[in-house]
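Work through these exercises with the model open beside you. Try each task before reading its solution.

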Amino acid sequence: MMNLSPKKNSRNQGRRPLFNMYWMYALIIMCLLGLYYFQDNSQVKNVNWTQFEDAAASGQFDKITVISENGVAEGHLNATGIKAQKIDKQYAERSDILLKATIPSSDRISTKIDEWNAKLIAEGKPEIAVTYEKGSDLMKLLWYFGPIALFIAVMLFMSRRMSGGAGGGGGIFNVGKSRAKIFDKTDGTNVTFKDVAGLAEAKVEIEEIVEFLKNPGKYTELGAKIPKGALLVGPPGTGKTLLAKAVAGEANVPFFSMSGSDFVEMFVGVGAARVRDLFKQAKDKAPCIVFIDEIDAVGRARGKNPNMGSNDERENTLNAMLTEMDGFGSNNGVIILAATNRADMLDKALLRPGRFDRQIYVDLPELSDRIEIFNVHLRNLKVNSKLDVEQLARQTQGFSGADIMNVCNEAALIAARANKDSVEYSDFMGAIDRIVGGLEKRSRVITPEEKEAIATHEAGHATISWLTKYGNPLVKVTIVPRGRALGAAWYAPEARQIIPTQALKDTICGMLGGRAAEELFLGQVGTGASDDLEKATKIARSMVIMYGMSDKLPNLNYTDSTGQDYGFSKPYSEETAKLIDDEVAAIIAEQYARAKEILTEYAKQHNAIRDLLIEREVIYHDDVQAILGKRQWKSRTDEIMELNAEDERKRLENKAAGETERNTTPARKHLPEEPIVDEEDDDPGIPPEFTHDNQ
């Protein structure tokens with residue numbers, strides 16, 4: 001929801017460069033090559049001086065090496081010596097055979113070698129070559145024990161990498177140390193509450209915690225106690241982590257930040273040890289704030305599926321966290337912030353007061369919030385001066401802050417691709433279409449027969465939604481392939497906190513309008529309605545088992561919103577299951593027959609919309625209104641659409657009269673809701689779920 005610039009950390013200045021693992025690989029390879037090229041392939045047989053002297057005098061050596069400092073002599077056996085010493089031929093062929101003996105003295109060995117050579121020459125045998133070395137056993141010790149030392153070094157290095165370098169040195173012995181990042185007054189984040197757009201209600205509660213830390217006397221005078229914990233709950237991309245960064249930037253107390261996955265490790269007991277170490281550090285620096293992102297990684301309900309077994313290590317980590325947050329010991333001055341988008345998976349003991357005293361729901365941004373978020377992300381874009389930010393906010397109902405950031409980036413890319421000097425309204429609309437429906441695929445080959453089938457299908461959706469009371473007002477319809485869809489229709493639904501039964505039935509009827517149009521006007525149905533059928537079936541099943549809107553099963557709810565009670569068992573009998581299936585099928589059949597009835601009555605208008613789609617490939621609200629007339633049940637969206645059309649007519653009249661056009665972008669008014677895309681898939685996919693907030 002904002003643009004963060006990296007902040008230099010003075011702690012990282014002057015540090016030595018980190019050891020790269022590739023250096024270790026290179027060292028191992030060099031040692032192996034050295035062992036290969038410089039290894040000593042000789043076989044040594046230790047003998048006494050008398051045996052060595054007899055072998056030399058009988059001509060068994062072709063060379064003698066005298067190592068004076070060690071006081072030894074090594075005689076290299078020739079073929080005669082190998083036979084005389086009874087050395088196995090396989091050893092003689094693979095290596096050099098040596099006889100090694102301790103010499104009496106260097107002077108004596110020199111005299112003895114002269115005597116041996118004189119005797120050998122007299123007998124007609126080759127004399128013995130002599131070399132003197134100033135030897136040492138250090139190199140041999142390195143070759144013998146070097147690989148072992150290298151192996152120990154690698155193991156120590158890997159143990160340090162596994163522990164993540166936690167707590168400085170110590171390697172594997174510090175694996176239980178907390179890996180939390182610490183931010184304080186001198187080294188905090190550069191994010192403040194001013195940088196967090198929208199989220200007004202959530203910021204109020206978070207700011208209260210920060211205010212308590214800054215000015216505790218204001219609350220303690222009245223007997224109030226500081227909250228021990230706050231849980232940020234909401235869909236992905238709504239700004240939960242960003243709020244935590246703002247707290248770290250605003251609070252003048254130490255701030256510990258880590259992820260729930262940081263507690264999980266391959267070693268048993270490490271998670272619990274890291275929890276204890278984290279709270280020990282936090283208590284030493286109290287008052288302070290501890291932030292745990294994605295706490296569901298470690299805080300899932302214990303024993304939720306006992307038949308499948310449980311992760312004892314994760315449960316031990318959770319038990320340690322529960323004890324540290326509100327156990328027998330004191331935990332004064334430490335506030336726990338946590339964020340998750342799976343609050344339903346958390347353990348109930350973790351959510352009770354005393355641990356997480358308050359749950360802050362970070363919902364999808366409303367209209368005013370989206371305007372603020374757009375203004376934040378438009379700071380770095382070169383946009384058209386006539387761009388209406390409020391209009392963009394109304395077109396992105398249901399978008400999260402991350403989605404809006406993506407829209408702004410996609411719009412800039414589209415404008416740059418078209419070599420424009422600034423980002424215009426049409427670029428943002430193209431970005432929204434790109435994100436919601438996918439990229440246009442005009443290169444996809446579609447036969448005239450398929451094009452007629454797609455147009456018939458989409459015209460069926462548009463006709464039904466236009467003629468039903470709770471049908472979603474149409475924004476535009478296209479038969480240009482986009483993403484995985486062969487055709488799509490954009491709708492702007494009215495915001496409702498409570499959805500009546502007829503609204504759900506009208507929605508199902510509109511979804512089945514495409515299949516009904518194919519059957520009526522083409523005489524056969526295709527596979528393109530798979531997505532519509534899946535959505536319609538989900539809504540019908542929700543009506544029966546969730547909302548109690550069935551005639552045979554009224555006022556009954558067979559679902560569990562917590563997801564913890566039923567497990568693998570069904571909360572109803574087999575007879576009830578069959579009755580549920582029958583009711584769902586009856587709802588679908590009723591609305592399908594209703595859709596066919598409406599299309600039969602307005603067949604002429606449907607065919608006109610179909611022909612216009614085939615001709616233009618994209619039609620808008622005004623085009624459908626010209627064919628079907630104004631909607632009988634006019635909504636706020638329809639009023640805005642009519643104002644759009646009036647403004648467009650005035651603009652064209654002024655342009656024809658020669659008046660300078662102030663803005664080349666069509667001045668479309670504000671749509672109140674997010675466009676809902678109704679797609680005809682070329683292959684079955686997973687559609688978005690039908691959801692409705694509980695009253």
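**Exercise 1: Salt bridges across the structure**

Task: Find how many salt bridges the whole structure holds.

Solution. Apply the cut-off: a side-chain nitrogen of Lys or Arg within 4 Å of a carboxyl oxygen of Asp or Glu. The search of the whole structure returns 20 salt bridges. Keep the ground rules in mind: this is a predicted model, where local features need pLDDT of at least 70, side-chain atom pairs count only at pLDDT 80 or more, and totals for chains, interfaces and linings use all residues. Residues are numbered from 1 along each chain as its sequence is written, and side-chain values use heavy atoms, with hydrogens and water left out.

**Exercise 2: Helix α18 to helix α20**

Task: Which parts does the salt bridge of D506 and R594 tie together?

Solution. Start with the distance: the side chains of D506 and R594 meet at 2.7 Å, N to O. D506 lies in helix α18 (residues 501–522) and R594 in helix α20 (residues 574–601), so the pair ties together parts that are 88 residues apart in sequence. Helices here are DSSP runs of H or I with at least four residues, strands are E runs of at least two, and both are numbered from the N terminus.

Now check exposure. Buried means under 20% relative accessible area, exposed over 50%, and partly exposed in between (1.4 Å probe, protein chains only). D506 is buried at 2%. R594 is partly exposed at 24%.

**Exercise 3: Helix α19 to helix α20**

Task: Locate R541 and D581, then say how far apart in sequence the joined parts are.

Solution. The closest N and O atoms of this salt bridge are 3.0 Å apart. R541 sits in helix α19 (residues 530–545) and D581 in helix α20, so the bridge links parts 40 residues apart in sequence. R541 is partly exposed, with a relative accessible area of 30%. D581 is partly exposed too, at 40%.

**Exercise 4: The whole chain**

Task: What share of the protein chain is buried, and how many helices and strands does the chain have?

Solution. Buried residues make up 44% of the 695 residues. The secondary structure comes to 23 helices and 15 strands.
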